Amino acid sequence: MASYDFSTDILFEILSRADLKTMKKCRVLSKECKDLTYESNFMRLHSQRTSTMVGYLVQSSRLFGQLTSDLVSGLDPKPTQDLLNFLPQPGWIVPTVNGGLVLCTPGKRRDDPFYICKPTTQQWEVVPSPNPRFWTAKISMLVLGSNPLWFKIVRLSDSRDDTIDLELDLDSEYSNEEDNFNVFSNEKSWHCEIFESKSWEWRQSDDLKLTHNDYFECNQDVSACGALHWLVFNDKQDKYTKYTMLSFDGDKEEWAMTSLPHSLRGNDHCDQIAPVSCEGKIGLIHLRQETKMLDVWILNYEKIWIKKHTINLKSLHEKVPLPRSRVHSLYGVDTLFMVDVGSVSFYNFRTRKLTRIRVGGWIKSAYFIQTDSEPVKLKPE
């Protein structure tokens, strides 16, 4: 069989005209193909040539608490406003935009349902509300298959939020250690429920077991490599905080904890540490506030942390004061996406080009989205 050595320019022209599904499949052909498709210039041109939506879905609160969900990208200096206005009610985007699907809820009551939708086709379905006995602490979604569509929603609730009447008489002679539900133990249980798209219903899963010293960082979860990932810190008695990565395998439905790179385990809260998606893998960004240096780490398939970039942000700091503008995530392999109070920024650290976009209002959340305009069957028949 003859082999062909395509130049980068030829690959660029071919892949930038391929539909989204084909382009993603081509990433496994070679490292060159994969790296090329994650460059921000390629992502913008591919979006233009194939009418693919790519950018960030930014939700902000404006006057009188009005919610807006706008699309921002490097293609247009103005955001595309009210992207979710086709839904029956304005909704809060819960922490997930995965595979072009958006999950949101019209309110914050325990019995509120969810909407799952695809903005490019304006398709939506109602997802029933989970167990109303619990307050939602974390909720995330991951797509495990596209043909047919298969996704799961994972909901974590603090087990102490159960509203049943529970009176523990610690002085009672009938009280024992088992009946006290580990009152004196350092173990903390998180109630876990999973919504399965194939059956279109919620089911209870095994509780997540952590300790009372473990806390979720105020970062969005990241979906990568078929799993959901959260940054967790353990608040011990000393002045340092130990960070770990908590992951949920969507296929096996198993939890795992991964230590961070050794240099990050003892950092205090002065530095910014956040999970990110980088080239389809789970990664980390570490911004050292004192030096304005940003490290980008990737967890490889051998579960080893590899430092991919060290970026000097001193010149950027003169244009966009840090930490007022917070580094949010990576847009491709060469661009940082940053969030301010009423604006967002794209900073290409290779060309040092900065693009700022005014959004207006108080930004509540921002989620990367890349999707085509092909209709999808959200709910099985």
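The model shown in every view is predicted.

**Figure 1. Overview of the predicted chain, with its five helices and 26 strands.** The protein chain has 381 residues, and buried residues make up 51% of them. Contacts between residues 24 or more positions apart account for 49% of the chain's contacts with a separation of 6 or more. The remaining views take up single elements and residues.

**Figure 2. Helix α1 against helix α4.** Helix α1 spans residues 8-15. Helix α4 covers residues 40-50. The two axes come within 9 Å and cross at roughly 40°. The helices are therefore oblique to each other. From α1, the contact takes F12, E13 and L15. From α4, it takes N41, F42, L45, H46 and R49. Sorted by class, the contact of α1 with α4 holds four nonpolar, two polar and two charged residues.

**Figure 3. Helix α4 and the residue that follows.** Which residues of α4 are buried? They are S40, F42, M43, R44, H46 and S47. An α-helix has 3.6 residues a turn, so residues three or four places apart point the same way. In α4, F42 and H46 are both buried, and both also take part in the contact with α1. After the helix comes S51, which has a positive phi, near 55°.

**Figure 4. The open sheet β3-β2-β1-β26.** Four strands make up this sheet, and their pairing is antiparallel. Why is one side of β3 and of β26 left without a neighbour in the sheet? Strands β3 (76-80) and β26 (362-371) stand at the edges, and each has a single partner strand, so one side of each lacks a neighbour there. On average, neighbouring strands of the sheet are turned by 25° against each other, direction ignored.

**Figure 5. Strand β1 and its two pairings, with β2 and with β26.** Strand β1 runs over residues 53-61, and strand β2 over residues 67-73. These two pair in the antiparallel sense over six bridges. Within β2, S69 is the bridge partner of Q59. Strand β1 also pairs with β26, again antiparallel, over nine bridges. Here the bridge partner of S60 is I363 of β26. Seven of the 10 residues of β26 are buried, and the strand is mostly covered. In a regular strand the side chains alternate between the two faces of the sheet.

**Figure 6. The open sheet β18-β19-β20-β21.** Here, too, four strands form the sheet with antiparallel pairing. Strands β18 (272-278) and β21 (305-312) are its edges, and each pairs on one side only. Neighbouring strands in this sheet are turned by 25° against each other on average, direction ignored. Strand β20 (residues 293-299) pairs with β21 in the antiparallel sense over seven bridges.

**Figure 7. W150 and its surroundings.** W150 sits in strand β9, residues 149-158. What does W150 touch, not counting residues up to four places away in sequence? Its contacts are L142, V143, L144, G145, E196, S197, K198 and D251. With E196 there is also a polar contact, side chain to side chain, at 2.4 Å. P380 is 230 residues apart from W150 along the chain, and their C-alpha atoms are separated by 9.5 Å.

**Figure 8. The cis peptide bond from N147 to P148.** Omega of this bond is near 0°. P148 belongs to the loop between β8 (136-146) and β9.

Figure 9. Is R352 buried or exposed? The relative accessible area of R352 is 54%, and exposed means over 50%, so R352 counts as exposed.

Technical notes
Residues are numbered from 1 along each chain as its sequence is written. This is a predicted model: local features need pLDDT of at least 70, side-chain atom pairs count only at pLDDT 80 or more; totals for chains, interfaces and linings use all residues. Side-chain values use heavy atoms; hydrogens and water are left out. Contact means heavy atoms within 4.5 Å. A polar contact is a pair of N or O atoms within 3.5 Å; within protein, one must be able to donate a hydrogen and the other to accept it, and residues adjacent in sequence count only if both atoms are side-chain atoms. Two strands pair if DSSP finds at least two bridges between them. Axes are lines fitted to C-alpha atoms, for helices over the stretch in contact, and angles run from 0 to 180 degrees between N-to-C directions. Buried means under 20% relative accessible area, exposed over 50%, partly exposed in between (1.4 Å probe, protein chains only). Angles under 35 degrees count as roughly parallel, over 145 as roughly antiparallel, 65 to 115 as roughly perpendicular and the rest as oblique. Ala, Val, Leu, Ile, Met, Phe, Trp, Tyr, Cys and Pro count as nonpolar, Asp, Glu, Lys and Arg as charged, and the others, Gly among them, as polar.
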